[in-house]
Amino acid sequence: QEQLVESGGGLVQPGGSLKLSCAASGRAFWAYVMYWYRQEPRKERELVAIISATNTEHYADSVKGRFTVSRDNNKNMAYLQMNNLKPEDTAIYYCSARGPGGKEYWGPGTQVTVSA
């Protein structure tokens, strides 16, 4: 059973940066595909970024060139570096993990607010 906890959210001005972290428990983090999602109230959940077990990265068009996803398997950590933040990036950000068996795990989320 994987447990995920996000951290690093907060209030930042437009154009600023934040780095989100996702700490995972368990012994098989190296085998999991990691996902970052975000969701605003009354809006659909949006996939932001993916990093595979072999470090292949994918990004939503809305964040491409501004966000970078990474992982450290020795530390059981995934990261989302967010640069040049915009007000429309405001959301709760969640990390998710999917292993070879297909079961998906979710963290409780961390709030990111971009406002002047």
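This is a predicted model: local features need pLDDT of at least 70, side-chain atom pairs count only at pLDDT 80 or more; totals for chains, interfaces and linings use all residues.
Colleague: Hi! Leaving aside its neighbours within four places in sequence, which residues is Ile51 in contact with?
Modeller: With those neighbours set aside, Ile51 is in contact with Val33, Met34, Thr56, Glu57, Val69, Ser70 and Arg71. Contact here means heavy atoms within 4.5 Å. Residues are numbered from 1 along each chain as its sequence is written, and side-chain values use heavy atoms, with hydrogens and water left out.

Colleague: Thanks! Is Ile51 buried or exposed, then?
Modeller: Ile51 is buried, as its relative accessible area is 2%. Buried means under 20% relative accessible area, exposed means over 50%, and partly exposed is in between (1.4 Å probe, protein chains only).

Colleague: And which strand is Ile51 found in?
Modeller: Ile51 belongs to strand β5, which covers residues 46-51. Strands are DSSP runs of E with at least two residues, helices are runs of H or I with at least four, and both are numbered from the N terminus.

Colleague: How many helices and strands does the protein chain have?
Modeller: The protein chain has 0 helices and 11 strands. Its C-alpha trace spans about 40 × 25 × 20 Å along the principal axes.

Colleague: What share of the 116 residues is buried?
Modeller: Buried residues come to 44% of the 116 in the protein chain. Looking at contacts with a separation of 6 or more, 53% are between residues 24 or more positions apart.

Colleague: New topic: sheets. In what order do the strands of the open sheet go?
Modeller: That open sheet has 4 strands in the order β1-β3-β8-β7, and their pairing is antiparallel. At its edges are β1 (4-7) and β7 (67-72), each pairing on one side only. Two strands pair if DSSP finds at least two bridges between them.

Colleague: How many bridges join β1 to β3?
Modeller: There are 4 bridges between β1 and β3, which run antiparallel. Val5 stands opposite Ala23 in β3.

Colleague: What about β3 and β8: over how many bridges do they pair?
Modeller: Strand β3 (residues 18-24) and strand β8 (residues 77-82) pair over 6 bridges, in the antiparallel sense. Here Ala23 stands opposite Met77 in β8.

Colleague: Nice pattern to look for. How many aromatic pairs does the structure hold?
Modeller: There are 3 aromatic pairs. Among them, Tyr35 and Tyr37 are stacked, at 6.2 Å centre to centre with 25° between the planes. Tyr37 also pairs with Trp106, and that pair is tilted, at 4.9 Å and 40°. Rings of Phe, Tyr and Trp (its six-membered ring) pair if their centres lie within 6.5 Å; planes under 30 degrees apart are stacked, over 60 are edge-to-face, and the rest are tilted.

Colleague: Where in the chain are Tyr37 and Trp106?
Modeller: Tyr37 is in strand β4 (residues 33-39) and Trp106 is in strand β10 (residues 104-106), so this pair links distant parts of the chain, 69 residues apart. Ring pairs join Tyr35, Tyr37 and Trp106 into a cluster.

Colleague: Why does Trp106 count as partly exposed?
Modeller: Trp106 counts as partly exposed because its relative accessibility is 33%. Tyr37, on the other hand, is buried at 12%, and Tyr35 is buried too.

Colleague: Over which ring does the charged end of Lys19 sit?
Modeller: The charged end of Lys19 sits over the ring of Tyr79, 4.6 Å from its centre. Arg71 has its charged end over the ring of Phe29, 4.7 Å from the centre. The rule is that NZ of Lys or CZ of Arg lies within 6 Å of the ring centre and within 35 degrees of the ring normal.

Colleague: Last one: what is the phi of Arg42?
Modeller: Phi of Arg42 is positive, about 65°, although Arg42 is not a glycine. Arg42 lies in the loop between β4 and β5 and is exposed, with a relative accessible area of 84%. Asn55 also has a positive phi, near 70°. You will find Asn55 in the loop between β5 and β6 (57-59), partly exposed at 45% relative accessibility.
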